[in-house]
Amino acid sequence: MLDPIPTFLLKEFVDALLPCVTAMINASLREGRLPTSQKHVVVTPLPKKPRLDADEIKNYRPVSNLTFMSQLVDRVVVSRLTSYLDTHGLMPQLQSAYRRHHSIEKILHKVLLHIYSAIDRQQAILLGLLDLSAAFDCVDHDILLHRLRFKFGICGPALD
């Protein structure tokens, strides 16, 4: 809805449009910001679960529909940051979110193997689960910025 041309058309003419798209993405990364035209979003409230009361606003979650270009910039940033962290050995070994070939199924398999192994050795098993869905809202941003700069070496427009 926010894009000037449909995505399927952009994909169809990707060879002709790629130099322009690449220049736009590189400019956004160089300047550390998206153009104003790409900062719009359409938010659609979707029910959290089908059986919840539709008249209660708390039973909805907001789903954001971003522009195609802002999604491309997002993917490039994630790709570059992940590559940087991997190259410099900064990604924790057990980190599974936002990593290729690391799925929830693999984590569950690993946890189950540890549990079965402990059972075989007749050891006690304790599993603690945390809901960190709102954890970022509680982060001290000064500490986060300090760690990004000094532990991960992120600076300039990326840190700004």
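The lining of the largest pocket divides into 25 nonpolar, six polar and five charged residues. The model is a predicted one, in which local features need pLDDT of at least 70, side-chain atom pairs count only at pLDDT 80 or more, and totals for chains, interfaces and linings use all residues. Numbering runs from 1 along each chain as its sequence is written, and side-chain values use heavy atoms, with hydrogens and water left out.

**The pocket**

The largest pocket has a volume of about 1,700 Å³ and is lined by 36 residues. Those nearest its centre are Leu81, Leu85, Leu144, Leu148 and Ile154. Here a pocket is an open set of points on a 1 Å grid over the protein atoms alone where a 1.4 Å probe fits, with protein on both sides within 12 Å along at least five of seven lines, and lining residues have an atom within 4 Å of a point. Grid points are joined across faces, edges and corners, and the volume is the space filled by probe spheres set on the points.

Helices H2, H3, H5 (141-150) and H6 (156-159) each supply at least two lining residues, and H3 gives the most, with 10. Helices (H or I, at least four residues) and strands (E, at least two) are DSSP runs, numbered from the N terminus.

**The cores**

The largest nonpolar core is made up of six residues: Leu10, Val21, Ile25, Phe68, Met69 and Val73. H2 (14-31) and H3 (68-87) each supply at least two of the core residues, and H3 gives the most, with three. Such a core is a set of buried Ala, Val, Leu, Ile, Met, Phe, Trp, Tyr and Cys residues joined through side-chain atoms within 4.5 Å. Apart from this core lies another, of five residues, among them Leu85, Phe152, Ile154 and Leu159.

Beyond its neighbours within four places in sequence, Val21 is in contact (heavy atoms within 4.5 Å) with Leu10, Met69 and Leu72.

**Four residues compared**

Buried means under 20% relative accessible area, exposed over 50%, and partly exposed in between, with a 1.4 Å probe and protein chains only.

| Residue | Relative accessible area | Class |
|---|---|---|
| Ser70 | 7% | buried |
| Asn59 | 11% | buried |
| Leu90 | 24% | partly exposed |
| Gln122 | 75% | exposed |

Ser70 sits in helix H3 and, not counting residues up to four places away in sequence, touches Leu34 and Gln38. Asn59 is found in the loop between strands S1 (41-47) and S2 (60-66). Leaving aside neighbours within four places in sequence, the contacts of Asn59 are Leu46, Pro47, Lys48, Leu52 and Asp53.

Leu90 belongs to the loop between H3 and H4. With neighbours within four places set aside, Leu90 is in contact with Tyr84, Leu85, Lys151 and Phe152. Leu90 and Gly153 are 63 residues apart in sequence, and their C-alpha atoms are 10.0 Å apart in space.

**Helix H4 and what follows**

How far apart are the end C-alpha atoms of helix H4? They are 24 Å apart, which agrees with the 24 Å that its 17 residues (104-120) should span at 1.5 Å a residue; the expected span is 1.5 Å times one less than the number of residues. Just after H4 comes Gln122, in the loop between H4 and H5. Most residues other than glycine have a negative phi.

How values were computed:
Ala, Val, Leu, Ile, Met, Phe, Trp, Tyr, Cys and Pro count as nonpolar, Asp, Glu, Lys and Arg as charged, and the others, Gly among them, as polar.
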